[in-house]
Amino acid sequence: MTRQHPVEIAIVGGGCAGITAAFELTRPELRGQYRVTVYQLGWRLGGKGASGRGPADRIQEHGLHLWMGFYENAFRLIRECYAELKRDPATCRIADWSDAFVPDHFNGVADWSPDGRWSPWTVQLPPFEGLPGDPGNALPRWTIGDYLARSLELVRTLLATVQEPAPGAAPEAPQPPKSTGTPEALLETMSRLLEYGRFATLAAVVEALGLMEVALATLRRYPENLLIRFHDAVVTAVRGQFEKLIESNDRLRRVWEIVDMMLAIIRGALRFRLLTDPRGFDAIDDYDCREWMRLNGASERTINSAFIRALYDLTFAYEDGDLSRPRVAAGQGLRAAFRAFFTYRGAFFWKMRSGMGDVVFAPFYEVLKRRGVRFEFFHRLENVKLCDPAHLAPGERPFVEALEFDVQAAIPGGGEYQPLVDVRGLPCWPAAPDYRQLVEGERLEQEEWKFESHWERRKVGTRTLRVGKDFDLVILAVGGGAIPFLCKELMERDPRWRAMVERVKTVPTQACQLWMNTDMKELGWSHAPVNLCAFVKPFDTWADMSHLATEESWPRPPGALAYFCSVLQDVPEEERARPAFPEEQHERVRRNSVRFLEKDLAHLWPRAYRESGGFRWELLMDPSAPHGESAGEAGEARFASQYWTANVNPSDRYTLSLPGSLRARISPLDNTYDNLTVAGDWTDSGFNQGCVEAAVMSGRLAAHAISGAPKLEEIAGFDHP
């Protein structure tokens, strides 16, 4: 017997994971089997990726959002979304995904030099073949052996840059490793080199590494003892070559830190038998990444290098936001680094040409509306209510009986809220709701209702959705930090949910954006526009976003835009319950920002400071002043014209990948509950890190759990080692 009516699906949360699930479940090829409603807190979609247009149509983000070139699932879906949307390029400046994203090859880390100064270490990362999300392109399924062989290739390349060429000759690129014939002959050659210890020069070391590269790429049965001994002999030789060179040479020191890190990773993979362990990188997730590299021979200099710091800073990997407790699961840390550096396509980073809300969530909203998806804004979930276990028949699985919401605002006549605004032909999300569309909107605006705040408890009503009447299936796609507040019944009844909440921790983050009336060169930055990490706290990450200046509506466009972000140290849970807490944290980030400008930014922008000392506050553009320039507040008070945010809402907190925590995550494929699946970067998605790609993978898995589509093999990276 076929079902006559479509399956009613309630998706709670309109971030990356929830919107992905809605997109997958309403594909035309599913022929309307599922009718989807998205329930969303406040007035806009996006979750941690939400953005809004403020004064002068300024783009105001939750933080710095860059997409990485290995985000195959995220790019595949956004490209399909734009193709279906079919915007007219004659009337809309962002009509295609290629208008929305621009490749960004110039990146760097802030390096603390032994001579006691911060200096940028920048690099132009080359474009790799293809584009992320290319259709019909079977991606190679990389093994750990492939990654290690590629790592050795990188080490050989770096060492080749250190070798002194003959007078008048250009440095030679390392040649591909030479084949030594049969596997037996290869092992014999390696054994002979070990016996005679022929690693006296860098050229000999490079050749020896080539042999290891061939071994890892071709040998099916790895003689681990021989490989480790060979590896250790090579490391000893390399260290001897470098130690006398690096103290007074920053370039060689940086090369050595990368080489030392890669060699430690290779040694660890051999020692921990990752090449043959069916768990792959997951086998070492109980270790912290730094701890694991130290166990495998990485020096303290390398452990504390700018490159390693960047791996932690980019993922806010500080337990409780405590800078003295950097922690990330070693397996996931390596998986992320290998995918980021070895599998990106087109460019390492891709920048958006507007706010993330404008180029990602507005197009998805428009496409989903055309497909018939209904959006219920101003719905704050209060409880996921489970059925009474006493009423379950033997063998019957528990299920969600009801979803209990507070309704934050009403629409006259029960109509749908229209959330987008037009910014010179581009549909965008505003930074505040359109009160004109709300019942008693003028009063709500005057009383300053904060619809996106966890601490705002005012409401205009309640609404309870019941299974069989209002929904059949639920996808819980809220932020991971909100689970303890919304899923008390699940936590009370299910020890797995309790363990997940206890072990899969989240942290608050902070961000600020600056609009400057002069360009970066005038501020003292002599390099190209950059994405830079591992700088001094409180803002360790900076991106030059000046390309967005003309996207806003200033009388005279800013000369430079800069986005900063970092982790924010947590406070005890009891303090977070106080109503004054969010405003206190907002003020805390303001103070952090002012202190950062007064002192730390001088290392990057020396000309932004007076000769007598002190930041030149008049450089900041004020959207309320004529032309945004010299008029308005003076001195430090002028910072009030900029934008900053303390991301302390439970749903806005960043999900960590702490050692020993990943096995506690719950998969979207889990079928413990008959009508409930989960989606978000806090779930077990195959790439367990807080990022757009993880959320999209999780949303696709949730859709698969319900419909069988997409197929698991179509979710890029889900089967990653």
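## The three-stranded sheet

Let's start with an open sheet of three strands, which runs in the order β11-β12-β15 with antiparallel pairing. Two strands count as paired if DSSP finds at least two bridges between them, and the strands themselves (E, at least two residues), like the helices (H or I, at least four), are DSSP runs numbered from the N terminus. The edges are held by β11 and β15 (461–466), each with a single partner strand, so one side of each has no neighbour in the sheet. From one strand to the next, the twist averages 20°. Axes here are lines fitted to C-alpha atoms, for helices over the stretch in contact, and angles run from 0 to 180 degrees between N-to-C directions.

This is a predicted model, where local features need pLDDT of at least 70 and side-chain atom pairs count only at pLDDT 80 or more, while totals for chains, interfaces and linings use all residues. Residues are numbered from 1 along each chain as its sequence is written, and side-chain values use heavy atoms, with hydrogens and water left out.

Back to the strands: β11 and β12 pair in the antiparallel sense over seven bridges. Within that pairing, His379 sits opposite Val407 of β12, and Leu381 has Phe405 in β12 as its bridge partner. Six of the eight residues of β11 (residues 379–386) are buried, so the rest of the structure largely encloses this strand. Buried means under 20% relative accessible area, exposed means over 50%, and partly exposed falls in between (1.4 Å probe, protein chains only).

## The five-stranded sheet

There is also an open sheet of five strands, ordered β10-β2-β1-β16-β24, and here the pairing is parallel. Its edge strands are β10 and β24 (676–678), each pairing on one side only. The twist averages 20° from one strand to the next.

Strand β16 (residues 473–476) pairs with β24 in the parallel sense over three bridges, and Val474 has Leu676 of β24 as its bridge partner. Helix α21 (residues 692–707) packs on this sheet and touches β1 (7–12), β2 (34–39), β16 and β24, with its direction at about 160° to that of β24. Contact means heavy atoms within 4.5 Å.

## Nonpolar cores

A nonpolar core is a set of buried Ala, Val, Leu, Ile, Met, Phe, Trp, Tyr and Cys residues joined through side-chain atoms within 4.5 Å. The largest has 164 residues, of which Trp67, Phe101, Leu159 and Val360 touch the most other members. Helix α8 (residues 250–271) supplies the largest share of this core, with 13 residues.

What does Phe101 contact, leaving aside its neighbours within four places in sequence? The list is Trp67, Phe75, Ile78, Trp350, Lys351, Met352, Arg353 and Val360. A second, separate core has 39 residues, including Met520, Trp542, Val594 and Leu601.

## Salt bridges

A salt bridge is a side-chain nitrogen of Lys or Arg within 4 Å of a carboxyl oxygen of Asp or Glu, and by this rule the count comes to 56. One of them joins the side chains of Arg79 and Asp134 (2.9 Å, N to O). Arg79 lies in helix α2 (residues 72–85) and Asp134 in the loop between β8 (117–124) and α4 (144–162), so this pair ties together parts 55 residues apart in sequence. Arg79 is buried at 16% relative accessible area, and Asp134 is buried at 15%.

Glu416 and Arg374 form another, with their closest N and O atoms 3.5 Å apart. That pair links the loop between β12 (400–407) and β13 (421–423), where Glu416 lies, to Arg374 in strand β10 (residues 374–376), 42 residues apart. Glu416 is partly exposed at 27%, as is Arg374 at 32%. Then there's Arg590 with Glu636, closest N and O atoms 3.4 Å apart. Arg590 sits in helix α20 (residues 581–598), and Glu636 is partly exposed at 35%. Salt bridges with shared partners also join Asp111, Arg117, Asp250, Arg253, Arg254 and Glu257 into one network.

Most residues other than glycine have a negative phi, and most peptide bonds are trans. Lys537 and Pro538 are joined by a cis peptide bond, with omega about 15°, and Pro538 lies in the loop between β19 (531–533) and β20 (541–544). Another cis bond joins Ala709 and Pro710, with omega about 0°; Pro710 is in the segment after α21.

Ala56 has a positive phi of about 60° and is found in the loop between β3 (51–53) and β4 (59–61), where Ala56 is partly exposed at 25%. Phe378, in the loop between β10 and β11, also has a positive phi, near 60°, but Phe378 is buried at 1%.
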